[in-house]
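Hello,

Here is the structure we talked about, with the sequence alongside. Please open both before reading on, and keep them open while you go through the notes.

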Amino acid sequence: MESFLIKGGKRVEGSLRVDSAKNAVLPLLAACVLTEEPVTLTDVPHISDAHHMVEILTMLGCQVTCEGKAMTVSAGGIHNWEMPDRLSKQIRSSIFMLGPILSRFRKATVTYPGGCEIGLRPIDLHLSGLRSLGVVVHEEGGMIYCDGSDMHAGEVHFDYPSVGATENVMMAAVCLPGTTAIHNAAREPEIADLQNCINAMGGKIRGAGGHTIEIEGVDRLHGAVWEPISDRIVAGTLLCAAAMTGGEIELTRAPVDDMIAITSKLREMGCVIHEEPKLLRLKAPERLAAFSQLQTQPHPGFPTDMQVQMLALLCAAEGTGVIVENVFENRFTHAGDLNRMGANILCSGRTAVVRGVKNLYGARVTARDLRGGAALVLAGLRAQGVTQVDHAELVDRGYDHLEAQLYQLGADVKRIET
Ligand code: EPZ
């Protein structure tokens with residue numbers, strides 16, 4: 001097992017380029033299956049979720065080549081419509097391979113991805129959306145068998161604006177004759193990035209970022225070269241690292257327009273933030289002020305993937321704040337470890353009340369999921385003494401060597417074998 005070892009008290013200061021977004025890269029890799037021609041993503045971070053997606057694509061018969069951070073996927077030789085069981089379980093987001101595989105083969109078999117630490121992660125909206133396109137879905141023994149032989153364009157309405165379900169239906173519909181409409185679609189920036197990349201491949205999708213997305217079916221897609229958008233959650237996490245330590249940070253290639261909910265909350269806590277296109281500068285006060293409340297919502301509301309990082313900030317802030325997690329059912333699992341570091345968090349259901357304390361203290365704690373692990377690192381940056389965060393591999397799912405990035409910014413963080 002690998003762990004992060006953090007010696008607290010160092011200011012996080014300096015400039016860093018923001019990596020491409022995990023939650024854009026994963027659906028973009030899936031979309032490469034929609035064409036027989038090579039698709040190149042010019043900037044893919046070295047994160048384990050991307051590596052697992054590449055393993056899945058390779059097992060389906062794709063050729064994947066890398067040159068630096070650029071990745072080219074050639075799906076001309078794809079021969080398999082059955083998702084590998086072991087890998088499907090390893091990475092939940094493999095579920096949005098369903099749409100592309102159905103588009104290519106008109107049939108698909110995937111394993112139920114199952115839940116994870118933050119919630120049950122059902123896929124009923126994915127399946128109901130595909131059924132609206134005429135896909136016959138049979139669920140048995142933990143497997144999902146999809147028959148798309150009679151697939152057609154259609155009207156899809158989501159009871160909840162699910163990110164993955166929106167992406168799945170977009171990709172399933174891209175070559176269906178006629179026009180498909182998705183109502184109550186997810187509006188996350190990664191959806192627009194997927195639309196724009198598919199359009200660069202010859203697709204005809206419009207409306208991403210709004211409540212309704214229209215997909216006009218085309219005969220076929222061709223290859224493309226595409227730069228994914230940068231990661232608003234990694235950028236937000238790095239801003240929090242500076243905010244936690246009274247530091248000062250500059251982020252280049254920052255998705256400024258996609259981070260309004262995050263930057264306005266950090267301003268509410270006393271940070272001074274300067275914005276230019278693709279550039280963010282944050283200067284933090286010696287001690288943050290608690291915000292009164294934070295509610296996670298689908299975009300453009302406050303992103304759930306930044307909730308636990310803000311919880312960590314609140315722990316050491318002046319005052320009391322309330323966080324309500326409206327998106328996932330179990331996203332306060334790191335409150336216990338934060339309290340072991342001296343925080344004062346009271347959780348009840350989807351609500352956490354945090355009374356800020358002056359000091360946090362180093363402890364040995366455990367990452368249970370990707371963003372919670374990052375939040376424990378943030379707490380360690382401020383804590384007096386040494387903090388060890390076990391299971392660094394969970395953080396590696398979405399951060400490209402977080403310890404190296406923070407070390408480059410002046411923090412005393414290293415990775416150790418434990
Ligand atoms: C995507 O997950 C992201 N993952 C998540 O990021 C992110 O937290 C989430 O969107 C919300 O923004 C990727 O993009 C790879 P949802 P996804 O479908 O698509 C319920 C991270 O840390 N739901 O919008 O799974 C679900 O239970 C990860 O980077 C159904 O009920 O999110 C949840 O309560 C974590 N039925 C809510 O919707 C369904 O069929 C949001 O889920 C699907 C979802």
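**Helix pairs**

α5 and α6 are roughly parallel to each other, because their angle falls under 35 degrees. Their axes cross at roughly 25° and come within 8 Å. The crossing in which α5 passes α6 is right-handed. Please keep in mind throughout that this is a predicted model.

A second pair can be described in the same terms. Two packed helices are described by the angle between their axes and the distance between the axes. For helix α10 (residues 307-315) and α12, the axes come within 8 Å and the crossing angle is roughly 20°. These two helices, α10 and α12, are therefore roughly parallel to each other as well. Here too the crossing is right-handed, with α10 passing α12.

**The ligand**

How many residues surround the ligand? There are 24, and the closest are Asp124, Leu125, Ser162, Asp305 and Val327. Sorted by type, the shell around the ligand holds ten nonpolar, six polar and eight charged residues.

In the side chain of Ser162, an N or O atom is 2.7 Å from an oxygen atom of the ligand. Lys22 has a polar side-chain atom that lies 2.9 Å from a ligand oxygen.

Which elements give two or more residues to the shell around the ligand? They are α1 (22-31), α5 (124-131), α6 (163-173) and α12 (370-382).

**Two backbone details**

Most residues other than glycine have a negative phi, and most peptide bonds are trans. Two places in this model depart from that.

The peptide bond from His299 to Pro300 is cis, and its omega is near 10°. To find Pro300, look in the loop between β17 (293-295) and α10.

The other place is Asn184, a residue other than glycine whose phi is positive, near 60°. Asn184 sits in the loop that runs between β10 (179-183) and α7 (189-200).

Regards

Notes
Residues numbered from 1 in each chain as written. Predicted model: local features only at pLDDT ≥ 70, side-chain atom pairs only at ≥ 80, totals over all residues. Heavy atoms only, no water. Near = heavy atom within 4 Å. Polar contact = N/O pair within 3.5 Å; in protein donor to acceptor, adjacent residues only side chain to side chain. Helix = DSSP H or I, 4+ residues; strand = E, 2+ residues; numbered from the N terminus. Nonpolar A, V, L, I, M, F, W, Y, C, P; charged D, E, K, R; others polar. Axes fitted to C-alpha atoms, helices over the stretch in contact; angles between N-to-C directions. Parallel < 35°, antiparallel > 145°, perpendicular 65-115°, else oblique. Left-handed = near helix turned anticlockwise from the far one by under 90°.
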